[in-house]
Amino acid sequence: MTQTLSLAQARRIALAAQGFMDRAHEVPTMRTLQRTIERTGVLQVDSVNVLQRAHFMPLYSRMGPYDTDLLRRASTGRRERRLVEYWAHVQALMPVELWPVMQHRMAAYRAQRGKWGTSAEHDRLEASLLAEIRERGASTSRQLDDGLPRTKDHWGWNWSQTRRVLDAMYSAGQVAIAGRNSQFEILYDLPERVIPTRILDLPTPSRAEADLELIRRAARSHGVGTARDLADYYRMGVADTRLGLAQLLEAGEVEQVAVEGWRQPAYLITGARLPRRVTARALLSPFDPLVWERARTEALFDFHYRIEIYTPAEKRIHGYYVLPFLLGDRIVARVDLKADRRRGVLVVKGAYAESSAPPETPPELGAELERLAGWLGLGAIEVEPRGDLSSALALPR
């Protein structure tokens with residue numbers, strides 16, 4: 001008989017799987033970070049920096065205030081590298097041990113000449129870039145572009161063409177991302193100078209084995225989810241995901257369950273933690289794995305969420321960079337935030353309560369804003385009069 005989970009149970013399982021039930025450390029360490037990455041699986045990378053870079057925020061939401069140098073150390077160097085940037089969900093930091101698993105994805109990108117496609121005429125540019133990277137080491141596209149011939153007798157590619165070819169080379173595994181500079185520009189290098197030898201020496205799994213490993217990891221990070229949920233985590237096909245789930249079902253690694261209100265069957269990872277109560281309090285980045293798949297967010301939390309960065313200002317409903325506020329096992333509010341670094345102020349440009357928000361939402365949100373401001377090194381909080389929660393946020397700063 002198929003087990004049925006209530007929606008509240010599914011939420012608590014998902015939150016535990018994502019690390020919101022892990023014991024807080026007074027001072028987060030590399031071990032804390034490693035534990036958190038094991039929960040989230042990947043950290044989406046995005047260039048928007050109105051508050052904090054996207055890949056730093058999920059760690060903060062689960063670990064609390066931490067030294068961001070931990071993430072820098074984990075994602076740079078070679079021998080001790082734990083994370084490497086690749087197209088795993090979208091652009092994301094993934095555990096470095098997934099490099100062999102992604103070889104089939106890299107081969108597919110080689111065949112189609114990158115994610116967006118390049119033409120055969122770029123082959124000479126590709127060869128030139130590889131030669132220059134081999135000689136000079138980790139470099140940005142701007143640095144490499146500066147080294148290209150500019151005479152009429154040569155190709156005359158501009159920066160965007162250089163960047164496009166580098167992106168195709170990175171997608172195909174011909175180069176790897178060594179890190180980013182202070183301007184957030186990608187530093188490209190040869191894989192053998194980025195990926196630890198112990199990882200490069202691992203055998204490449206078969207396509208079926210690689211798919212199975214990604215589905216297994218997605219199931220662990222979800223706790224419970226539909227086939228479509230699991231497919232989205234590492235951007236796989238739903239049909240391939242269903243094939244992998246059949247194997248995991250047969251092996252006893254997952255169990256098919258029904259979730260209250262969900263039309264599609266769900267898959268519960270064997271041994272999933274089902275806490276009786278969740279006491280989380282966290283602001284979530286728009287790119288947090290808990291909420292990045294908007295249909296799942298709505299199904300789990302009854303929370304309709306859209307990022308409005310690319311919406312014209314006059315058409316935005318809640319704001320430019322809006323973070324959901326998780327309290328307990330519910331998303332109870334959302335806030336539009338901006339770090340005014342010049343003035344040292346965390347600006348709350350709008351604050352909105354959900355219909356299910358409990359009475360303690362304003363003080364709990366205020367406390368979380370205080371904590372966030374402290375982590376970001378901002379000495380004051382400024383609340384603009386926009387949204388039904390703004391007047392209730394009595395902040396001591």
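1. In helix α1, the residues Ala10, Arg11, Arg12, Ile13, Ala14, Leu15, Ala16 and Ala17 are buried, where buried means under 20% relative accessible area, exposed means over 50% and partly exposed lies in between, with a 1.4 Å probe and protein chains only. Because eight of the 11 residues of α1 are buried, the helix is largely enclosed by the rest of the structure. Helices (H or I, at least four residues) and strands (E, at least two) are DSSP runs, numbered from the N terminus. After α1 comes Gly19, which has a positive phi near 100°.

2. A word on the basis of these points: this is a predicted model, in which local features need pLDDT of at least 70 and side-chain atom pairs count only at pLDDT 80 or more, while totals for chains, interfaces and linings use all residues. Residues are numbered from 1 along each chain as its sequence is written, and side-chain values use heavy atoms, with hydrogens and water left out.

3. On confidence, the protein averages a pLDDT of 93, and 94% of the residues score at least 70; pLDDT is the predictor's confidence in each residue, from 0 to 100. Over residues 149-159, however, pLDDT stays under 50, and the model has 19 contacts beyond four places in sequence for this stretch, a contact being heavy atoms within 4.5 Å. Where pLDDT is low, the predicted coordinates should not be read in detail.

4. Helix α1 (residues 7-17) meets helix α10 (residues 207-222), their axes coming within 6 Å and crossing at roughly 115°. Axes are lines fitted to C-alpha atoms, for helices over the stretch in contact, and angles run from 0 to 180 degrees between N-to-C directions. The helices α1 and α10 are therefore roughly perpendicular to each other, given that angles under 35 degrees count as roughly parallel, over 145 as roughly antiparallel, 65 to 115 as roughly perpendicular and the rest as oblique. Ile13, Ala14 and Ala17 of α1 make the contact with Arg220, Ser221 and His222 of α10. The residues of this contact of α1 with α10 divide into three nonpolar, two polar and one charged, where Ala, Val, Leu, Ile, Met, Phe, Trp, Tyr, Cys and Pro count as nonpolar, Asp, Glu, Lys and Arg as charged, and the others, Gly among them, as polar.

5. Helix α1 also packs with α13, at an angle of about 125° and with the axes 9 Å apart, which makes α1 oblique to α13. Here Leu7, Ala10, Arg11, Ala14 and Leu15 in α1 meet Arg296, Ala299, Leu300 and Phe301 in α13, and the residues of the contact of α1 with α13 divide into seven nonpolar, no polar and two charged.

6. In helix α5 (residues 103-111), Arg105, Met106 and Tyr109 are buried. Seen down the axis of α5, its buried residues fall within an arc of 100°, so they line one face of the helix; the arc is that of the directions from the helix axis to the C-beta atoms. An α-helix has 3.6 residues a turn, so residues three or four places apart point the same way. Just after α5, Arg113 takes a positive phi of about 60°.

7. Which residues outside its sequence neighbourhood does Val257 touch? Val257, in strand β8 (residues 254-259), is buried with a relative accessible area of 1%, and, not counting residues up to four places away in sequence, Val257 touches Thr2, Gln3, Leu5, Val224, Pro265, Ala266, Tyr267 and Leu268.

8. Val42 is found in the loop between α2 (30-40) and β2 (43-44), and at 0% relative accessibility Val42 counts as buried. Leaving aside its neighbours within four places in sequence, Val42 is in contact with Ala88, His89, Ala92, Leu93, Met94, Tyr233, Tyr234, Pro289 and Trp292. Val42 and Val84 are 42 residues apart in sequence, and 9.8 Å separate their C-alpha atoms in space.

9. Phe184, in the loop between β5 (176-180) and β6 (186-189), has a positive phi of about 70° and counts as buried at 13% relative accessibility. Asp302, in the loop between α13 (294-301) and β11 (322-327), has a positive phi of about 50°, but at 60% relative accessibility Asp302 counts as exposed.
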